[in-house]
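Biologist: Please take one part of this model and go through it closely. Then set that part in its surroundings.

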Amino acid sequence: MSHNSQNIVEAMAGAKLSADPALQAFRNEVRQFCRANLPQDIRRKVILNQHLDKQDYVRWQKILAAKGWMAGHWPEQYGGCNWSRVQRWVFEWEIYRAGAPWLMPFGVTYVCPVIYTFGSEAQRKKYLTPTLNTDIWWAQGYSEPDAGSDLAKVKTRAVRAGDHYIVNGQKTWTTMAHWADMMFALVRTSTENKPQQGISFLLIDLHSPGITVRPIETIDGGHHVNEVFLENVQVPVENLVGDEGAGWTYAKFLLGNERLLAADVGKAIRLFSQLQGLLEVTHKRGKPLLADAVWQSRLADLEVRILSLQALGFELMAQAESGSEPGPEASVLKIVGTELMQDIAAHSIELLAHHGLAFQAEALAPGWDGELTGPSFAPGAISEYLHGRASTIYGGSSEIQRNILAKAVLEL
Amino acid sequence: MSALTIDDLRTLSTSINRFIAEQHNFEKRRQTVANDTGFDVADWQRYADMGWLGLAIPEPMGGLGGGMAALAVLMQAAGAGLLTSPLLATLVLGAGAIELAGDSTQQETFLPAVVAGEITLALAHREAAAGHDLDGTRCLAKKSTDGYRLSGKKNLVLHGATASHLVVSARYGERGPVNLFMVDAGAPGLGLNTYRLLDGRPAADLVLDNVFVPEHNRLATEDASAAIDQLHQRAATASCAEACGAMSALIDITLEYVKTRRQFGTAIGHFQVIQHRLVEMSIASQEATAITGTAAIALDNAWPDSRRLVAAAKVRTSQAGRFIGEQGVQLHGGMGMAEELPVGTYLKLLLTNSSLFGDADWHREVFDYQNSTINEEKVA
């Protein structure tokens with residue numbers, strides 16, 4: 001029997017976990033907290049998919065930090081709450097459903113667990129608490145022009161010279177690097193042996209001389225990602241995390257931590273609710289489209305997918321709770337979650353076609369006070385759709401995820 | 001509420017699947033489907049001996065009280081093993097009707113006999129004109145001396161011709177309440193037209209012409225419509241579980257095939273287009289299984305959103321079933337068209353199940369968006 005075989009009992013274990021009273025109480029607590037503490041102006045921007053400025057993110061993240069929830073999944077000794085994976089998942093589900101901004105994962109979710117697991121005591125002291133308080137903003141230096149899905153091909157060189165590494169090369173698609181203070185990067189410290197073995201995990205101060213951050217405008221008209229050029233950048237040796245040459249292992253650890261969270265149910269529910277709102281205000285032959293049989297059927301299909309994703313998420317969470325680490329099986333959540341989100345967004349585009357697809361992208365900028373021609377959601381919905389095309393590309397494209405599943409789960 | 005824990009269910013699942021793997025194979029299925037009853041009566045007694053027939057029967061009636069959870073485990077295994085016995089007709093529909101609508105005397109009369117394998121049951125509720133709708137009962141019940149007289153027609157009664165007792169729904173007058181009646185096989189005035197569904201399972205249309213039912217065989221509930229609705233949801237979930245077993249098994253044999261079938265000098269499973277197709281099939285099967293298991297738990301625990309979850313299970317499983325069934329045939333190439341392989345039988349089972357107890361479109365209507373609750377976070 002291959003690993004494909006699905007036992008319905010495991011699905012039922014997930015369903016029971018979803019109804020666990022302690023988890024329900026936690027969910028309600030997060031929901032109440034968001035109602036009371038998520039600033040209305042920030043929420044409105046998020047719901048309308050407008051561009052937030054850095055201060056919006058910082059303000060919200062400091063609210064979470066004050067509650068102790070900025071990194072609830074961390075061990076208590078580092079300022080977390082020891083949340084289980086399912087608690088962390090439900091937390092994100094609720095905050096995104098409520099319309100909270102994207103919780104920047106680069107610091108609290110990506111690099112810090114690598115630091116407290118593999119880093120030095122000095123690194124823990126220097127980075128963990130400031131990251132919790134959003135006093136340090138992180139960027140992820142992984143992709144390069146010739147190393148995308150084939151990440152082991154990173155070429156950015158770090159050469160040891162005394163107590164420094166001299167770093168030369170280029171990173172790209174670097175999210176929010178224009179706001180970041182630090183970048184954790186995969187750099188090549190050796191060209192011998194297998195490509196994976198010569199990679200090291202380096203923390204680079206983005207204010208260092210020799211660094212140039214250049215914006216890449218994306219198809220949604222926004223500025224989220226950048227190119228980062230490194231020219232003879234001096235990085236202190238103490239900024240190496242763990243062992244030289246072990247960077248690939250840490251990168252994979254980080255990926256494993258993240259896979260389970262890829263099922264972004266909260267945002268899917270929010271976008272789905274928004275779609276229903278749009279259908280209510282859009283009329284065809286004098287009736288709201290929400291009453292249209294074709295649209296009702298489309299909505300049902302989307303909600304069925306949301307409910308299925310939730311069920312599958314709880315099933316994998318239940319396995320994680322019981323100690324059996326979900327491995328590559330969790331790639332399914334990324335594929336299903338991102339494709340669902342894209343389809344919900346695409347339905348908004350189909351709906352906006354009734355309004356003629358005017359795209360006033362300028363309306364998304366902070367402080368814009370011009371006049372909109374269509375519904376207030378329209379510019380944000382189009383932008384969300386366009387920006388959302390990236391979700392099946394980053395973090396291992398859907399094609400790569402399918403390769404992983406074919407090999408590791410189906411043993412093909 | 002299921003009396004069984006998740007660990008109990010795991011053990012149960014292992015034991016049922018092992019028994020089926022040892023005792024059943026596709027050749028045996030082809031033979032049993034071909035005989036008059038459509039199943040092997042000797043199997044039924046073995047299932048009784050294994051304790052399967054009492055899995056969901058309440059404990060006071062000699063069962064295990066495992067609820068929908070236990071039935072889902074059994075049906076998943078039955079789907080994987082392509083079993084032909086009237087498990088769904090007897091355990092989910094017939095015994096379920098008696099449990100939900102019968103009084104304790106009626107339960108004691110019939111349920112221990114189900115556990116022991118002495119009787120099989122069938123539910124005769126559907127009428128052709130009503131289609132999947134549950135409230136279209138036109139079959140009439142009239143009070144007579146010592147009992148009732150039933151007249152009307154019933155459609156698509158699964159395993160109707162072999163059941164020892166039929167549970168028949170009928171209405172008192174054109175607008176009166178619906179009741180359920182236990183009708184003995186061979187009762188005078190009962191006519192059957194038997195046929196097979198797409199996947200070979202036997203069904204029957206009934207004509208009832210003044211069929212007599214004694215007073216004590218009217219199931220006690222004054223209005224059975226809630227019970228019928230609950231039965232329908234259980235049966236929809238059980239048929240999804242059966243489909244999930246079939247999907248998983250079909251993916252397994254397809255994986256086996258693409259790993260051994262060689263063309264162009266290599267196993268065809270090395271081609272990325274084949275790999276990605278199988279990944280899609282596997283994902284669809286996982287989603288369907290996850291939502292079906294959730295629906296089973298929702299029914300056992302009377303969750304407020306159980307109706308939506310059952311509908312979601314039915315829609316997802318129907319979509320996944322057709323996709324996996326068709327692609328199973330496709331990836332087997334010419335062999336997928338051969339009747340001697342189980343591939344086509346899985347496709348037929350999956351299509352049949354997707355049509356039973358409300359098709360996908362019927363269940364999509366459960367999501368009534370004009371009175372929806374999910375959108376509380378909308379921007380005003």
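Modeller: Two residues are in contact if their C-beta atoms, placed from the backbone, lie within 7 Å. On that basis, A:E10, A:A11, A:A13, A:G14, A:A15, A:L17 and A:S18 of α1(A) meet A:A311, A:F314, A:E315, A:M317, A:A318, A:Q319 and A:E321 of α10(A). Helices here are DSSP runs (H or I, at least four residues; strands are E, at least two), numbered from the N terminus.

This is a predicted model: local features need pLDDT of at least 70, side-chain atom pairs count only at pLDDT 80 or more, and totals for chains, interfaces and linings use all residues. Residues are numbered from 1 along each chain as its sequence is written, while chains are lettered from A and ligands numbered from 1 in the order in which they are written.

Back to the pair. The axes of α1(A) and α10(A) come within 7 Å and cross at roughly 90° (axes are lines fitted to C-alpha atoms, for helices over the stretch in contact; angles run from 0 to 180 degrees between N-to-C directions). The two helices are therefore roughly perpendicular (65 to 115 degrees; under 35 is roughly parallel, over 145 roughly antiparallel, the rest oblique). Their contact divides into 8 nonpolar, 3 polar and 3 charged residues (Ala, Val, Leu, Ile, Met, Phe, Trp, Tyr, Cys and Pro are nonpolar; Asp, Glu, Lys and Arg charged; the others, Gly among them, polar).

In total, 46 residues of chain A are in contact with 47 of chain B. On the chain A side, α1 (8–18), α9 (265–281), α10 (293–321), α11 (331–352) and α13 (398–409) each give two or more residues. The largest share, 11 residues, comes from α10(A). That side has 26 nonpolar, 14 polar and 6 charged residues.

For contrast, take a pair in chain B. The axes of α7 (residues 225–260) and α10 (residues 343–355) of chain B come within 10 Å and cross at roughly 155°. That makes α7(B) roughly antiparallel to α10(B). From α7(B), B:S239, B:E242, B:A243, B:A246, B:M247, B:A249 and B:L250 make the contact; α10(B) brings B:V343, B:Y346, B:L349, B:L350 and B:N353. By class, this contact has 9 nonpolar, 2 polar and 1 charged residues.

Now confidence. The model scores ipTM 0.95 and pTM 0.96. Mean pLDDT of chain B is 95, and 97% of its residues reach 70 or more (pLDDT is the predictor's confidence in each residue, from 0 to 100). Over residues 374–380 of chain B, pLDDT stays under 50. Where pLDDT is low, the predicted coordinates should not be read in detail.
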